[in-house]
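Please examine the structure below together with its sequence. The paragraphs that follow lead through it step by step.

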Amino acid sequence: MGPMQRSMKRSWLNGWVVAIAVAGAMAAVLPFSAANAAGDSAGHAIERQEWSFGGFTGQYDQAQLQRGFQVYQQVCTACHGLKRVRFRNLAEPGGPMFPEAAIKALAASWPYQISGELDDQGNPIDRLPGPADQMVGPYKNDVQARAAQGGALPPDLSLIVKARTIETHAPWYSHWFHMLVDVVTGYQEAGADYLYALLTGYHDAPAGVTVGDGMYYNTAFHGNQLAMPPPLIKDAPVEYQPEAGVKATLEQNARDVTAFLAWASDPTLDTRKRLGWQVMLYLLITTVLLYLVKRKIWSRIEH
Amino acid sequence: MSGISYSSYKPTTKVGKWMDERLPVGRMFHAQFVDFPTPRNLNYWWTFGGILSFCLMAQIVTGIVLAMHYQPSGEMAFDSVERIRRDVNFGWLIRNLHAVGASMFFIAAYVHIFRGLYYGSYKAPREILWIIGVIIFIVMMATAFMGYSLPWGQMSFWGVTVITNLFSSIDSIVPGLGTTVVEWLWGGYSVTGVTLNRFFSLHYLLPFVLAGLVVLHVWALHVVGQNSPMGLDVKTPSDGVPFTPYATSKDAVGMFAFLLFFCWFAFFLPDYLGHADNYVEANPLVTPPHIVPEWYFLPFYAILRAIPSKLGGVIAMFGAIAILVLVPWLDTSKVRSTKYRPLYRWFFWLFVFSCVALGWLGSKPAEAEYVFWARVFTFYYFAHFIVVMPLVGWFEKPLKVPGSITEAVLAKNKGAAAAAPAAKS
C-alpha cells in the first residue's frame, strides 16, 4: 500500500469519523426530541396489524375481502358511498371475486339508485344500478349528506385507506432507522392500521374529558372526538356465513372491512406486487450480467 | 480541448457516406459518445449523469402517456387520476413510475450535485458547465412543483397556495407588486382550476426546456472534458479511455442498479414518498393541519421558515439555490478534489449533514426547538459557502496531488500489488 493510497483510505475514514462525531454531539445537545416523541395529543400509539396484503409480498385474502364486503354492505352503506368502485369490480381478479350472477343480483337489489340521467322525454330519472355502475351511497350530494347527518359529512370510502396514515413521532436520531426498516420491509399499511384502530377505538371518555354533543370518544381519532357513532357493535357483530368458519367479533368485523376498503383504494395491489417481483428479478439478473461485462471490458486496462 | 473532437468514424455503407457528406450526425455521435476520452479512474458516482438523462426521458415518456388520460380541470383532475389508477390498462404502473420517478430524479440529482461539490467539478474550466447544472436544478424544481399540483389533492392545492403566496412578500418592497404577481400566477384571486390548467401547460413545456438545457450541459462537458476523483483532467491519451465501451459499460451497471432501487419504490412502496392527504380531493374550505412540500423541497422549506420575516425567508430560500452559481469563485482552493483537502473535508461532511438535518426539520411543524435548529443549520448552510469555502481555501495546506491520472492509477495498482503480492497472478 503506497503512501498516497493510505492517505486516501484515511480521507474516507475521516469523513465517517466526522459524521459520527457530529451525530454524537447532536445526541448530547438535543434532548428535546425524545420528549417530543412521547408528547402526542392522542396519547394512544396506533399499533401495526398483520395484514395478508402487507409488506412487499402480501396479497389480498379473497375470503377476507368477501367478509369485508358483507360488513361494508350491512354497516357502512347506511351513510357512506364507494363511488370509485363499480359493481363489476367486485367480480374482478385481485378483489373479492364474487360470481358474475351474484354481482348482477347485487346491483339490482342495491338500496340506492343512480340519478342524474334523463329519460327520452328529457326528464331527470332515478334508476336501479347495473354491474357497470358506481356503488353509490344514500346521498345524492354533500349538501344532502350534511343536512341528514346534523352537519357532519360521511366521506366517500373509495380512497379512505390511502388517504389516512399514522404520524411518525420518532426522535431525529432514530427516525432514519424506522424509515429504513419501513423501506426494506415494504411497509405501506399505515392507512389500514389507522382505520382498524379507529373502528376498534371507541371507548368511554376518561374522567375529566367532556365529549361534545353528538360526538363520540375515540382513541385513534385526532382530537379524540368523532361525529361518527360506533359503527360496529361488540355484542351484535355482523354474523358471517357458517361455512366461512370465522367467528364474528367486533375486531374481526373491523379487520375484514378494513381489508375490503384497502382493496377498494388499491385494487391493483396483487398485480402490482406480482409484476414487481418479475421486474426485480429481471433487473437483478441484468445488473449482474452487465457488471460481468463491465469487468471484462475494464480488465483490458489498469484503472 | 480540441483533441476531444477527434473521430475515428468511418462510414462503411453507401448511405452512411452519402449522409456523412451532407449532415454528419453519425460522425458527431461517434466522436462524442464512442471516441470521447473519459478518465480511466472514474468511480460509480460518475454514473449519475447518465442516470439523470434516463430519468428525464422516463419522465417525459410516462408523462406523455399520462397526459393522454389526464383532465386538467378543477372538477375533473382528481377523478381522472383515479381513473388512470383503476381503469386505464397499466395506468397504475405508468402513474407510479411517473410519481416515484420524480423523487428518483431528485435523488439522482442530489447525488450528482454533491459529487460535483466533493470532487470540485465546478472549478475552472467548468464554471459554465456547473452554472448550466444549477439552472437545470432550478427548472427541475419548478417542473416538479407544478407536477405535484396536477393530481389536485389536498396537498397539491395547499402546497400551491402556500408557495405561490410567497410572492406576495414582494409587497413589502413595492406595495401592490407582490399581490399583482400572485394574482397573475393564479389567473384570478385565489388558487382555482384556472391555476391548475396553466400549471399543466407549463408542466408539459418545461421538460423540453430541460432537455435543451441538458444538451448544453453535455456540450459544455464535452468541451472541457470530465473531472476525475483526483480532480485531474485528461491531459495525455493514456489518462483516458474511449467513452464506448468503457464508460458506457460502467454507466449501464450504475443505471440498472439504480433501476432496482427505483422499481423497489415504484412496485412496493408507490406512496411512501408522497402524502396520504393527496388522496383527498382538493378542498379550498378545509386546510390540512400540516402543509408539507415534497421531500426534495424540505431543506429549502426549512430555510424559508427559519427566517423570522416573510420576505427574508423567501430571499433566503431562493438564495440558498442561487448561491450555488457563485461556488466556482467562492472556493479559493488551488486543489479541486476534497480527497486532497484534509481540512475542507470536515466542512464538506458538516455541510451534507446540515442539508439532511434541514430536510428533516422541514418535515416538522414550525415549533420552537425545530425552528431553533433550522436556524442553526441555515446559518451553517450559508456560512459554508460565504465563509468556509473562501477561508479554508486560503489557509488549508492540501495533500500532494498526483501529477497525472495515469501516474495515480499506476502508483495505486503498484501499491496494491506490493501489499498483496499473492492476489495478482
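**From chain A to a helix pair in chain B**

The accessible surface of chain A comes to about 16300 Å², and 59% of that area belongs to carbon and sulfur atoms. This value, like the others given here, was computed from a predicted model. Chain A contains 303 residues, of which 42% are buried. Its secondary structure consists of 9 helices and 6 strands. Among the contacts in chain A with a separation of 6 or more, 65% are between residues 24 or more positions apart.

Attention now turns to chain B. According to an unreviewed UniProt entry, residues 233–403 of chain B carry the annotation "domain: Cytochrome b/b6 C-terminal region profile". In the model, this span is 58% helix and 2% strand. The C-alpha atoms at the ends of residues 233–403 of chain B lie 10 Å apart.

One pair of helices in chain B may be followed in detail. Helix H5 of chain B, formed by residues 91–118, packs with helix H14 of chain B, formed by residues 344–362, at an angle of about 160 degrees. Because angles over 145 degrees count as roughly antiparallel, H5(B) is roughly antiparallel to H14(B). The axes of the two helices are 11 Å apart, and the crossing of H5(B) and H14(B) is right-handed.

Which residues make the contact between H5(B) and H14(B)? On H5(B), they are B:Phe114, B:Leu117 and B:Tyr118. On H14(B), the contact is made by B:Phe348, B:Trp349, B:Phe351, B:Val352 and B:Cys355.

Key
Residues are numbered from 1 along each chain as its sequence is written. Chains are lettered from A and ligands numbered from 1 in the order in which they are written. This is a predicted model: local features need pLDDT of at least 70, side-chain atom pairs count only at pLDDT 80 or more; totals for chains, interfaces and linings use all residues. Side-chain values use heavy atoms; hydrogens and water are left out. Helices (H or I, at least four residues) and strands (E, at least two) are DSSP runs, numbered from the N terminus. Buried means under 20% relative accessible area, exposed over 50%, partly exposed in between (1.4 Å probe, protein chains only). Contact means heavy atoms within 4.5 Å. Accessible areas come from the Shrake-Rupley method with a 1.4 Å probe; for residues, only the protein chains shown count as cover. UniProt positions are given in the numbering used here, feature names are shortened, and annotations may be inferred rather than shown by experiment. Axes are lines fitted to C-alpha atoms, for helices over the stretch in contact, and angles run from 0 to 180 degrees between N-to-C directions. Angles under 35 degrees count as roughly parallel, over 145 as roughly antiparallel, 65 to 115 as roughly perpendicular and the rest as oblique. A crossing is left-handed if the near helix is turned anticlockwise from the far one by less than a right angle, and right-handed if clockwise.
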